[in-house]
Amino acid sequence: MTSRLFAICFRAARPADLAEFWAAVLGRQAVVGTRGDAEVLPAGADGYLLRFVPGQEPRTGRNRAHFDLTSSSAQDQRDTVDRALAHGARPLDVGQLPEEGHVVLADPDGNEFCVIEPGNAFLAGTGAVGALACDGTSAVGRFWSAALGWPLVWDQDEETAVQAPDGGTKITWGGPPVAPKHGTNRLFLELEPPGPTEADRAAEADRLVALGATLPGAGGPRSDGALLLLDPDGNEFTLRAG
């Protein structure tokens, strides 16, 4: 058995405020936690839990990962953009060309995201969050395929993508050149081990390390009980307590 993807997480300056933003954009419900964290709940089978946790570091470069949001029509794309701007997003120039159909924005914390034009075949049927698009090597895509037990749905020209067997949000890696890493990533994946005991989590951590992950520093659980690991590209992810 393998870990399952429990949540896509954001380190945020004001977790509750950022959760409210994403809840408004996606039409979902935000829930504020008791430890300064917040969550945006999935809309049925559409997407994954989004978690917002304290601990954002100063901005020193673009994120290594961003959301690609889907659109069912040109009007739907405009509505998503207008809704995001009304709740505190801002337009962002990352070198996109005028003839390109997607719209690039930054959320209130400066995290980039794209609103993709309708008719994108690669994101068809994925839900509102079509992809978590990452800078990364093809090797890290294959690592995550094995780590999650998700098939590779794209592996060409050093670009890779994985998707759960039952569909939903894809995770993609664009291949070289990979953006430099500046400090701790703001976006990271949180995994739930396949069993409830500490022994289950230890065995799963060993499996992930055998696949290419590493335990940074002295390892060991964080204050919230999660175990911090790094994938083969050096991106942080966590393994929840059982």
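Is Asp37 buried or exposed in this predicted model? With a relative accessible area of 12%, Asp37 is buried.

**View 1. Salt bridge between Asp37 and Arg51.** Asp37 and Arg51 form a salt bridge in which the closest N and O atoms lie 3.4 Å apart. The two residues are separated by 14 positions and link distant parts of the chain, Asp37 belonging to the loop between strands E2 (30–32) and E3 (38–40) and Arg51 to strand E4. Arg51 has a relative accessible area of 9% and is therefore classed as buried.

**View 2. Salt bridge between Arg51 and Glu190.** Arg51 also pairs with Glu190, the closest N and O atoms being 2.8 Å apart. This bridge connects strand E4 to strand E13 (residues 187–192) across 139 residues. Both Arg51 and Glu190 are buried.

**View 3. Salt bridge between Lys181 and Glu236.** The closest N and O atoms of the salt bridge between Lys181 and Glu236 are 2.7 Å apart. Lys181 lies in the loop between strand E12 (170–173) and E13, whereas Glu236 lies in strand E15 (residues 236–239), 55 residues away. Lys181 is partly exposed at 29% relative accessibility, while Glu236 is buried at 10%. Elsewhere, salt bridges with shared partners join Asp37, Glu39, Arg51, Glu190 and Arg240 into one network. The structure holds 11 salt bridges.

**View 4. Packing of helices H1 and H2.** Helix H1 (residues 15–26) packs on helix H2 (residues 74–86) at an angle of about 155°, their axes 9 Å apart. The two helices are therefore roughly antiparallel. Their crossing is right-handed. Phe21, Ala24 and Val25 of H1 meet Thr80, Arg83 and Ala84 of H2. By class, four residues of this contact are nonpolar, one is polar and one is charged.

**View 5. Packing of helices H3 and H4.** The axes of H3 (residues 138–148) and H4 (residues 198–211) come within 10 Å and cross at roughly 155°. H3 and H4 are thus roughly antiparallel to each other, and their crossing is right-handed. From H3, Phe143, Ala146 and Ala147 take part in the contact; from H4, Glu204, Arg207, Leu208 and Leu211. Five of the contact residues are nonpolar, none is polar and two are charged.

**View 6. Surroundings of Asn63.** Asn63 is situated in the loop between strands E4 (49–54) and E5 (65–69). Its relative accessible area is 14%, so Asn63 counts as buried. Beyond its neighbours within four places in sequence, Asn63 is in contact with Asn111, Glu112, Asp135, Arg186 and Leu187.

Definitions and conventions: Residues numbered from 1 in each chain as written. Predicted model: local features only at pLDDT ≥ 70, side-chain atom pairs only at ≥ 80, totals over all residues. Heavy atoms only, no water. Axes fitted to C-alpha atoms, helices over the stretch in contact; angles between N-to-C directions. Helix = DSSP H or I, 4+ residues; strand = E, 2+ residues; numbered from the N terminus. Parallel < 35°, antiparallel > 145°, perpendicular 65-115°, else oblique. Left-handed = near helix turned anticlockwise from the far one by under 90°. Contact = heavy atoms within 4.5 Å. Nonpolar A, V, L, I, M, F, W, Y, C, P; charged D, E, K, R; others polar. Buried < 20%, exposed > 50% of the residue type's maximum accessible area, 1.4 Å probe, protein only. Salt bridge = Lys/Arg side-chain N within 4 Å of Asp/Glu carboxyl O.
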